[in-house]
Amino acid sequence: SNAFMSFSCSGAPKTIPPAWQCWAPVAIGQEPQGNIIGSGIFISPKGVLEHAGSVGLALIIWVLGGGVAALGSLCYAELGVTIPKSGGDYSYVTEIFGGLAGFLLLWSAVLIMYPTSLAVIALTFSNYVLQPVFPNCIPPYNASRILSMVLLLTWVNSSSVRWATRIQDIFTAGKLLALTLIIVVGFIQIFKGNYKELTPSNAFRFWMTPSVGHLALAFLQGSFAFSGWNFLNYVTEELVDPRRNLPRAIFISIPLVTFVYTFTNIAYFTAMSPHELLSSNAVAVTFGEKLLGYFSWVMPVSVALSTFGGINGYLFTSSRLCFSGAREGHLPSLLAMIHVKNCTPIPALLICCLATLIIMLVGDTYTLINYVSFINYLCYGVTIIGLIVLRWRKPKIFRPIKVNLLIPITYLAFWAFLLVFSLYSEPIVCGVGLIIILTGVPVFFLGVYWRNKPKCVNRLIGKAALFCWLGHPQEFSKT
């Protein structure tokens with residue numbers, strides 16, 4: 001460990017603090033709405049409308065999606081202050097249900113949730129960049145994959161925490177610019193009387209009769225845009241006064257995001273008919289071409305900036321989750337290591353990058369959204385079931401925040417409806433996700449439960465760490 005003493009994160013101290021002390025300030029500084037608002041609102045409207053069958057029902061689904069996210073956030077707020085550990089869902093499920101359940105949630109996050117979300121955001125970035133070049137057709141498959149920027153941002157996150165945080169701060173402005181422009185132009189359109197598609201007679205004119213399965217898939221598409229409402233729970237240990245600030249963040253962010261999403265969709269329908277929206281490969285670009293004239297270039301640029309920052313943010317958060325899992329012994333110790341000079345979690349970043357690249361090669365955007373949203377909701381529901389179990393097992397434990405029991409029960413009723421009918425409507429997509437989660441069971445018993453591994457395995461991990469110039473943060477603090 002003496003070899004690590006000459007390096008520091010800032011250049012002044014002679015010791016390197018634990019890894020999360022290097023990364024945490026960024027995660028804390030990002031408000032929940034900054035994590036929630038991402039590429040989803042630029043891609044999900046098409047999926048929601050396709051399954052809803054009418055403009056009016058699509059808008060109702062967006063509002064209800066915000067309400068469901070609010071219910072889930074309140075449940076997570078109670079868990080966050082009752083079990084004040086960083087790691088979010090993973091930490092709560094491990095604490096309540098034990099190691100196997102926690103590992104399976106972590107396994108699904110590392111192999112499915114984060115890589116698939118990254119793949120969707122990366123494909124959205126490339127589609128919006130390429131749409132002006134291919135205005136009348138779908139961008140070429142190879143071009144959309146090559147331009148995904150996953151490799152570039154993995155290198156940035158591996159090289160410097162500071163670079164990664166600056167990218168996040170700068171590119172957050174992109175999504176705010178795009179959404180503000182869309183909503184303002186939408187209001188101008190309404191004041192001009194251009195709201196034909198929003199009148200009740202047209203808004204609830206169904207071109208198809210949606211089944212219950214279609215409604216479940218519409219909610220899955222919309223829920224992808226709201227994903228991120230639980231990100232603040234991943235840094236509970238670093239939050240200042242979480243009992244006060246966690247609920248405040250929820251009460252401000254969720255209504256704000258719901259307002260932004262609903263009015264963004266309303267703005268889309270002031271410029272496009274449902275048929276035009278469904279035939280568009282990049283909804284915001286089509287909106288800009290119709291209403292912004294010479295300034296239509298602003299829209300693809302803004303969305304590209306937004307999604308670029310989204311890729312960076314997901315890489316940052318996924319590496320933190322890998323670190324938390326490795327710290328608990330649920331992932332290989334190699335993933336708990338950071339670069340001794342750059343203070344970055346290179347192994348975790350490389351694993352997430354590799355999984356993302358593989359997923360991008362095997363699925364289209366809307367199938368991937370159904371896939372990841374189903375698994376997301378599965379994990380959210382298991383976590384909120386944990387809240388009820390904890391109330392039963394430990395009724396006298398100190399709870400600074402205690403929600404009415406009707407809130408988790410209402411959420412779980414919706415959760416059961418969504419999962420059952422999503423599985424019925426998309427059995428292959430959702431079934432593959434369940435199978436991948438279950439493959440974690442033998443991995444848990446071989447990799448975690450089996451303590452006395454051969455020495456050759458530990459030697460192999462040590463050599464890999466030395467090759468990558470890595471070390472455990474605990475070793476840095478001892479030097």
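Figure 1. Arg-391 is buried, with a relative accessible area of 16%. Buried means under 20% relative accessible area, exposed means over 50%, and partly exposed lies in between (1.4 Å probe, protein chains only). This is a predicted model: local features need pLDDT of at least 70, side-chain atom pairs count only at pLDDT 80 or more, and totals for chains, interfaces and linings use all residues. Residues are numbered from 1 along each chain as its sequence is written, and side-chain values use heavy atoms, with hydrogens and water left out. The side chain of Arg-391 meets that of Glu-78 in a salt bridge, 2.8 Å from N to O. Glu-78 lies in helix α4 (residues 55–82) and Arg-391 in helix α17 (residues 365–393), so the pair ties together parts that are 313 residues apart in sequence. A salt bridge is a side-chain nitrogen of Lys or Arg within 4 Å of a carboxyl oxygen of Asp or Glu. Helices (H or I, at least four residues) and strands (E, at least two) are DSSP runs, numbered from the N terminus.

**Figure 2. Glu-78 with Arg-399.** Glu-78 counts as buried, at 2% relative accessibility. Glu-78 also forms a salt bridge with Arg-399, where the closest N and O atoms are 3.4 Å apart. This pair links distant parts of the chain: Glu-78 sits in helix α4 and Arg-399 in the loop between α17 and α18 (406–425), 321 residues apart. Arg-399 is buried, as is Glu-78. Glu-78, Arg-391 and Arg-399 are linked in a network of salt bridges.

**Figure 3. The salt bridge between Glu-276 and Lys-290.** The count of salt bridges comes to three. One of them joins Glu-276 to Lys-290, with the closest N and O atoms 3.1 Å apart. Glu-276 lies in helix α13 (residues 274–279) and Lys-290 in helix α14 (residues 283–291), so the pair ties together parts that are 14 residues apart in sequence. Glu-276 counts as partly exposed, at 29% relative accessibility. Lys-290 counts as partly exposed too, at 41%.

**Figure 4. The largest nonpolar core.** This core has 128 residues. Helix α6 (residues 99–130) gives the largest share, 18 residues. The residues with the most contacts inside the core are Phe-42, Tyr-268, Phe-287 and Tyr-377. A nonpolar core is a set of buried Ala, Val, Leu, Ile, Met, Phe, Trp, Tyr and Cys residues joined through side-chain atoms within 4.5 Å. Tyr-377 touches residues including Val-68, Leu-220, Tyr-411 and Trp-415, not counting residues up to four places away in sequence. Contact means heavy atoms within 4.5 Å.

**Figure 5. Ser-108 in helix α6.** Ser-108 lies in helix α6. At 1% relative accessibility, Ser-108 counts as buried. The Ser-108 side chain reaches the backbone oxygen of Leu-105 at 2.7 Å. Ser-108 touches Met-113, Ile-375, Cys-379 and Ile-437, leaving aside residues up to four places away in sequence.

**Figure 6. Confidence along the chain.** The protein chain averages a pLDDT of 78, and 80% of the residues score at least 70. pLDDT is the predictor's confidence in each residue, from 0 to 100. Among the elements of the chain, helix α1 (residues 19–29) has the lowest mean pLDDT (38) and α18 the highest (92). Over residues 1–31, pLDDT stays under 50. Over residues 474–479, pLDDT also stays under 50.

Conventions: Polar contact = N/O pair within 3.5 Å; in protein donor to acceptor, adjacent residues only side chain to side chain.
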